[in-house]
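Please open the model in your viewer and follow the selections below in order.

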Amino acid sequence: MATERTFSILKPDATKRNLTGAVNAVIEEAGLRIVGQRRIQMSRAQAEKFYEVHKERPFFGELVEFMTSGPVVVQVLEGENAVAKYREVMGATNPAQAAEGTIRKRFAQSVGENTVHGSDSAENAAIEIAQFFGEGDIAG
Ligand code: CMP
């Protein structure tokens, strides 16, 4: 299987609770390499653009509000089958349904404040990475 990249966000609930190192340890233990990483304060425009596919959903306003409520860590993860692997490591969107040992089971507080984002396909990963990283910011 080919090496692949996925896009990850450690959300404001993770930065607020000083969990970025603990979450990164789970990522690295799963065999995913953090090849790009930056801590940023997401602007409202960036969050609205990033979550554009959800703009008709009832939780869109709340989602943008939360994602801009504090710093986030944007990441590029690399590894075999990275998109599917990271989704497995994150666990279900709703932490109540997440499997034991997953990031969301261990750390997430609710479906909204769910600690991490990961791309749902290789195509979306490329689009999401390009929103926050230039090639020069990524070193495998
Ligand atoms: P994420 O993978 O970042 O992509 C969309 C996000 O919307 C999702 O994680 C959740 O954090 C959020 N989300 C999904 N469903 C709900 C909901 N019912 N209420 C609030 N936020 C939600």
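**Asn114 and the annotated site**

Select Thr93 and Asn114: the backbone oxygen of Thr93 lies 3.2 Å from a polar atom of the Asn114 side chain. The model is predicted, local features need pLDDT of at least 70, side-chain atom pairs count only at pLDDT 80 or more, and totals for chains, interfaces and linings use all residues. Residues are numbered from 1 along each chain as its sequence is written, and side-chain values use heavy atoms, with hydrogens and water left out.

Stay on Asn114, in the loop between helix H6 (103-107) and strand S4 (116-118); helices (H or I, at least four residues) and strands (E, at least two) are DSSP runs, numbered from the N terminus. Asn114 has a relative accessible area of 2% and is therefore buried (buried is under 20%, exposed over 50%, partly exposed in between; 1.4 Å probe, protein chains only).

Next, select Lys11, Phe59, Arg87, Thr93, Arg104 and Asn114, which the unreviewed UniProt entry annotates as "binding site"; positions follow the numbering used here, feature names are shortened, and annotations may be inferred rather than shown by experiment. Move to Phe59, in the loop between helix H3 (44-50) and helix H4 (60-67). Phe59 is partly exposed, at 34% relative accessibility.

**The aromatic cluster**

Now select Phe7, Phe50, Tyr51 and Phe132, which ring pairs link into a cluster (Phe, Tyr and Trp rings, the six-membered one for Trp, pair if their centres lie within 6.5 Å; planes under 30 degrees apart are stacked, over 60 edge-to-face, the rest tilted). The Phe7 and Phe50 ring centres are 5.7 Å apart with planes at 55 degrees, so this pair is tilted. Phe7 belongs to strand S1 (residues 3-10) and Phe50 to helix H3, 43 residues apart. Phe50 and Tyr51 have ring centres 4.9 Å apart and planes at 85 degrees, so they are edge-to-face.

Methods: A polar contact is a pair of N or O atoms within 3.5 Å; within protein, one must be able to donate a hydrogen and the other to accept it, and residues adjacent in sequence count only if both atoms are side-chain atoms.
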